[in-house]
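Hi,

Here is the model I promised to pass on. Have a look at it first, and my notes follow below.

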Amino acid sequence: MSTVNTVTEQLTRAGQAIEHDSFAIIDAEVGPHAYTEAQWPIVRRMIHANADFDFNGLTAFHPDAVEAGIQAMLAGATPVVADVEMICSGLSQPRLGHFGMTTHQFISDPDVIDAAKVEDTTRAVQAMRKAHRLGLFNDGAIVGIGNAPTALIELVRLIREEGVRPALVVGMPVGFVSAAESKDLMAELIDVPWIVIRGRKGGSTLVVAALHALLSLAEARQKSMQQVQQA
């Protein structure tokens, strides 16, 4: 029985061939790695997104991260909370729509900007607080942070001090000020699954790549379950 994905593949055979050939080249050139069979498709797609083999090694996973992400997607109607609009724009709407998922970002909301000015914080901090007020983190959300280290630091605080429990955090902020430190803080957590990139590298493109890889794994799981039910 075939479990070939359809929703999370490129829309044309030519596009599929290019992507699959790229993955094959990465597999041939990457060298040894310590990732599991479930983790490697995520790292490979991140390498594909930036043509940077450093993500073999820099990418770290909470032991439950991949399964938590797949289960959150299969649950349906799972919100994705992002630190910036770029992540929401980069995610494939048909792929999200297949699982009934929605995206949310608040970085440019007037109330977020006003609060950041009044409290002398960043917009990213206030955006995470707004998501918390709206109850999104405790609604089985997947959180994607690719730009703002302060967003990830604030999320860690919310997890530790206010008990928020997103299903998965994909924490990959890029930069020179607090970026590496924010990811190290996230990686200290046990109760909330995470995927992070160690060090300064990261970015919204990589968050999108990781989430697309998880969507592909979720579709494969969904098809496999459907075939078992039909057997």
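**What I found**

Let's start with Gln126, which sits in helix α8 (helices here are DSSP runs of H or I with at least four residues, strands are E runs of at least two, both numbered from the N terminus). Before going on: this is a predicted model, so local features need pLDDT of at least 70 and side-chain atom pairs count only at pLDDT 80 or more, while totals for chains, interfaces and linings use all residues. Residues are numbered from 1 along each chain as its sequence is written, and side-chain values use heavy atoms, with hydrogens and water left out.

How buried is Gln126? Its relative accessible area is 3%, and buried means under 20%, exposed over 50% and partly exposed in between, with a 1.4 Å probe and protein chains only. Its side chain makes a polar contact of 2.9 Å with the side chain of Thr121 (a pair of N or O atoms within 3.5 Å; within protein, one must be able to donate a hydrogen and the other to accept it, and residues adjacent in sequence count only if both atoms are side-chain atoms). Leaving aside neighbours within four places in sequence, Gln126 is in contact (heavy atoms within 4.5 Å) with Val112, Ala115, Ala116, Glu119 and Thr121.

Three of those names come back in helix α7 (residues 110–119), where Val112, Ala115 and Ala116 are buried. They cover an arc of only 100° around the axis, so they lie on the same side of α7 (the arc is taken from the directions from the helix axis to the C-beta atoms). The buried residues of α7 pack against α8 (123–133), whereas the face turned away from the buried side carries the exposed Pro110, Lys117 and Val118. Just after α7, Asp120 takes a positive phi of about 55°.

Now the strands. In β4 (residues 142–145), Ile142 and Gly144 point one way, Val143 and Ile145 the other, and all are buried. β4 runs parallel to β2, with 3 bridges, and parallel to β5, with 4 bridges; strands pair if DSSP finds at least two bridges between them. Val143 has Val81 as a bridge partner, and Val169 in β5 is a bridge partner too. β4, helix α9 (residues 149–162) and β5 make a right-handed β-α-β unit: with the strands pointing away from the viewer, the path from the first strand over the helix to the second runs clockwise.

Cheers
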